[in-house]
Amino acid sequence: MSPGTQQPADPRAALTAALRRLRHRLPDLSDETLARRAGAAPLPSGRRVAVNPRRLGEWLRGSAVPRDFDQLLAVVRAMEAATGGSAAGGEPASPAEAWRRLWRAAREHRAPVQDASGPAASATPVPATGCLVVGRPPSDATALCERPELRAAVDDALRDDTVHQVLLTGPGGVGKTQLAAAAFHRARAGGGLLAWVTATTRQSVLSTYARMWRALAAGTPDGGTLGHDEETQADLLLAWLRAPDRPWLVVLDDVDDPAELDSLWPVAAHGRVIVTTRRRDALMMRPAVRVVPVGMFHPEESVAYLLGRLSLDPAGGRPEPADLAGLANSLGHFPLALSQAAAFLIDTGVTVASYHRMVEDSGEQLADLFPPSSPADGHAGTVATTWRLAADRAALLAPAGSVARMLDLVSVLAPAGTPEQVLLGPAAREWVGGGERSALLALRALHRLSLVDHHRGVVVMHALVQRAVRESAPPEAGARLALAAANALEEAWAAHGGESGFDAAAYDGVSALRRVAGEHLWAGGMHPVLRRIPEHLAAAGRTAAARSAAEELLREARTRHGERHRDVVFLQTQVAWAISDLGDPAGALEILTPLCRRAEELLGADDPDTLAARLYEARQLYEVGAAQDAFHRLQSLADAAGTALGPRHRLSLRVQRFLAVSRGLCGDPAGAYASLTELAAELSEELGPRHPETLEALAESGRWTGEAGDTRGAVAAYEAATEGFVATLGPLHPETLTTRHNLAYWCGLAGRPDRAVRDLSTVVHDAEHALGSRHPTTITFRANLAYWRGSAGQADQGRAELTALLPLAEEVFGPAHPRVLRIRQHRAELRHRAGEHSGAAAELDAVVAAMREIQGADHVRTREAAGLLARWTAEEPRSGASASA
């Protein structure tokens with residue numbers, strides 16, 4: 001019958017019965033679908049209302065009455081529409097007013113108040129000394145890794161009265177479930193209710209909650225029958241858990257979508273919840289939640305796990321720890337990969353060394369290295385597939401298609417970390433599709449599902465996950481993806497180069513991209529980002545590596561494009577520059593002189609690559625002592641670069657800086673200081689006061705301030721430059737080390753030799769650590785430390801150190817290099833300080849003769865040494881320092 005006009009004895013029961021009659025006509029329609037249809041169809045008033053499927057179940061069970069009549073009407077209309085427009089039994093659809101009367105009566109009806117000792121309250125709790133376990137936690141891994149740090153973090157959180165939920169979050173396959181299971185078993189000693197809930201779906205949680213309720217109420221008079229459906233039994237359980245004196249532990253394992261567990265999170269002062277999940281959504285980060293990130297094994301944990309697992313195979317022998325360490329490192333200490341690798345080794349009988357070679361072989365597929373036929377210990381997924389579920393879920397959290405494209409982009413970059421600027425810039429946004437917001441949402445979706453870590457501006461993805469993503473991508477997309485990644489790197493590097501840590505991270509990204517897609521970076525010529533490789537290595541003080549990288553790229557450029565190509569000119573210039581930095585400017589000049597002529601012929605006189613070759617050639621001229629020739633060439637080059645590129649172009653500004661230095665080397669320190677001071681001001685306005693090029697000009701101005709006679713001004717300029725370099729590049733960057741060295745040197749010239757010795761000792765130690773003991777910069781620092789040690793009252797020790805250093809300097813620089821001549825000059829000066837005047841004069845005389853032959857009589861260093869010799873010869877010995885940095 002349809003809702004009538006007669007007032008029933010129990011209006012709530014009547015409303016429930018009327019609803020059930022309609023509902024029974026639709027046995028194949030779920031509550032979720034019915035609620036969705038009810039919310040989608042407009043009511044006669046034009047209004048649409050949202051209907052919660054869980055609330056719909058309560059109305060049909062009679063445990064609740066809708067607060068809003070329109071919600072009831074929407075459900076009724078949806079059910080009537082699904083049954084062909086009729087009520088139960090073929091009667092015509094009931095008028096809305098009849099339903100409204102029945103609804104109002106049910107709302108106004110007051111049921112007898114149930115005593116607090118009713119079934120929900122009287123379900124017998126577990127005895128204080130007993131333990132009730134519901135659910136089945138997984139078995140321990142065969143070779144369980146204890147992970148004491150994580151165990152302690154979980155136990156500390158469970159003991160903390162302010163913590164009600166412990167959130168174990170991390171990628172799939174890192175052992176979150178094993179950690180939760182171990183904590184679950186430890187908790188059994190304390191008694192109470194313990195429940196293990198597989199929480200991948202809402203229904204699985206409801207089913208286990210219902211089992212928990214039935215187990216708790218089994219000894220009560222109603223035998224747990226109160227609540228004839230799982231929703232009601234789950235509600236009763238959650239109410240029981242809120243009691244203030246009942247200890248319990250619930251593990252919600254593998255929560256896939258936290259939104260699905262709305263209203264199902266157990267909460268109580270005496271209870272604890274452990275959640276394992278890939279998710280890191282804001283919904284999970286709530287008050288009273290302690291987050292315990294679970295990541296990869298530590299190296300020693302990896303080796304211990306493999307050793308313990310493989311030792312169980314009686315036919316396998318005992319592998320060497322060093323071999324296991326190498327394999328674990330190649331697997332990135334990924335617990336799932338280590339477990340599958342151990343299973344594969346046992347199942348196939350392959351040796352650790354052979355399997356390690358297979359892992360390192362980029363031609364091998366992860367599906368073959370980690371097959372389902374050798375499953376992981378206690379994990380259903382494989383390395384090749386476990387990421388897919390997380391990726392599918394992440395795809396729902398951002399604009400369509402953006403997550404997959406962002407995942408592909410991150411997969412070809414450095415696993416150790418990619419600056420977010422690379423992934424959010426215009427080139428990356430073009431690849432991902434959409435604006436910056438779409439790219440950011442895609443990136444954060446990957447982070448929320450633990451496919452990447454996005455913290456403090458850096459994005460990290462495990463190398464094996466990257467490999468799995470790349471192997472799943474269609475081959476035809478490889479070239480477009482490589483170009484998109486290279487463009488994103490180049491664009492970000494151009495915009496952010498010089499920022500602390502950025503250059504090194506970008507270089508790692510280019511190196512990773514070359515390994516997985518290098519052939520795609522040469523279409524139509526070398527991609528611009530590859531040019532940055534030797535430049536970055538040289539700027540980082542890795543001069544030998546810069547030369548090797550430039551030579552490797554040069555060979556590839558010649559193979560692909562022949563000798564007469566722009567890339568060949570550029571790379572030969574980089575090789576020559578590295579040769580000069582390694583202490584052989586004359587060798588660099590032999591390459592650059594004919595190269596400049598060839599560049600003009602191939603590219604034109606005003607081409608940037610031609611102008612760069614000419615700049616490096618002029619620089620070598622003053623490095624070998626031909627300061628006047630360098631000055632004239634740089635003057636001509638400054639005009640050409642300013643006309644072709646503009647005076648504010650980076651190359652034009654570098655020409656201006658080298659021109660100012662050559663001006664000082666030609667005997668005009670005041671002019672050099674004025675030019676560099678002006679240039680530093682321009683660069684500060686153009687690039688900012690902390691930009692490396694601004695600081696380089698400031699440091700150079702300090703040198704020529706001192707050369708012009710103002711040693712205190714030199715110290716002040718070097719102090720400002722040092723502070724800027726330390727803040728921008730860090731204390732161990734080669735540019736910072738050089739500026740710290742020059743500051744110490746000029747402190748000595750300003751009358752503080754004790755400070756010079758102290759600070760130079762620190763700089764030498766740092767340079768040996770950062771650059772190596774044979775690096776030209778380190779050798780220079782050691783020479784000047786010895787000199788100032790001698791000038792500070794330890795002349796014999798300083799001279800002995802210079803004598804011991806001289807063979808290494810001659811080996812690295814060559815015997816005719818200006819740095820070697822400078823060391824010989826300083827040794828003569830310390831000899832003179834020690835009182836050996838005639839011997840010192842004879843030694844300095846030989847040095848001056850060599851300087852005149854190599855550098856020319858007018859070189860600033862030659863004139864300085866000659867003037868010193870003249871004073872000694874005139875028997876006017878002068879102790880003190882020379883005037884250079």
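In this predicted model, strand 2 (residues 165–169) and strand 5 (residues 271–277) pair in the parallel sense, with five bridges between them. Within this pairing, V166 stands opposite I274 of strand 5. Strand 2 also runs parallel to strand 6, and five bridges join the two. Both pairings belong to an open, parallel sheet of six strands in the order 1-3-4-5-2-6. A three-stranded antiparallel sheet, a pocket of about 1,100 Å³ and the buried residue S339 are also covered below.

**Six-stranded sheet**

- The order of the strands in this open sheet is 1-3-4-5-2-6, and their pairing is parallel.
- Its edges are formed by strand 1 (131–134) and strand 6 (289–293), each of which pairs on one side only.
- From one strand to the next, the twist averages 15°.
- Four bridges link strand 1 with strand 3 (residues 192–198) in the parallel sense, and C131 stands opposite G192 of strand 3.
- Helix 9 (residues 202–216) packs on the sheet, where it touches strand 1, strand 3 and strand 4 (248–255).
- The direction of helix 9 makes about 155° with that of strand 3.

- Strand 2 is mostly covered, as five of its five residues are buried.
- Q165, L167 and T169 point one way from the strand, while V166 and L168 point the other way; all of these residues are buried.

- A separate heading is given to the open sheet with strand order 7-9-8, whose three strands pair in the antiparallel sense.
- Strand 7 (418–419) and strand 8 (453–455) each have a single partner strand and stand at the edges, so one side of each lacks a neighbour in the sheet.
- Strand 7 pairs with strand 9 (residues 458–460) over two bridges, in the antiparallel sense.
- In that pairing, T418 stands opposite V459 of strand 9.
- Helix 20 (residues 436–448) lies across strand 8 and strand 9, and runs at about 115° to strand 8.

**Second largest pocket**

- The second largest pocket holds about 1,100 Å³ of space.
- Its lining consists of 37 residues, and those nearest the centre of the pocket are A463, Q466, R467, R470 and V516.
- Two or more lining residues come from each of helix 12 (321–330), helix 14 (352–360), helix 17 (402–411), helix 21 (463–472), helix 22 (478–496) and helix 23 (502–517).
- Helix 21 provides the largest share of the lining, with seven residues.
- Sorted by class, the lining of this pocket comprises 20 nonpolar, 10 polar and seven charged residues.

**S339 in helix 13**

- S339 is located in helix 13 (residues 335–348).
- S339 counts as buried because its relative accessibility is 5%, and the cut-off for this class is under 20%.
- Leaving aside residues up to four places away in sequence, S339 touches Y305, A376 and D377.

Terms used. Residues are numbered from 1 along each chain as its sequence is written. This is a predicted model: local features need pLDDT of at least 70, side-chain atom pairs count only at pLDDT 80 or more; totals for chains, interfaces and linings use all residues. Side-chain values use heavy atoms; hydrogens and water are left out. On a 1 Å grid over the protein atoms alone, a cavity is a set of points where a 1.4 Å probe fits but cannot get out, and a pocket is an open set with protein on both sides within 12 Å along at least five of seven lines; lining residues have an atom within 4 Å of a point. Grid points are joined across faces, edges and corners, and a volume is the space filled by probe spheres set on the points. Ala, Val, Leu, Ile, Met, Phe, Trp, Tyr, Cys and Pro count as nonpolar, Asp, Glu, Lys and Arg as charged, and the others, Gly among them, as polar. Two strands pair if DSSP finds at least two bridges between them. Axes are lines fitted to C-alpha atoms, for helices over the stretch in contact, and angles run from 0 to 180 degrees between N-to-C directions. Contact means heavy atoms within 4.5 Å. Buried means under 20% relative accessible area, exposed over 50%, partly exposed in between (1.4 Å probe, protein chains only).
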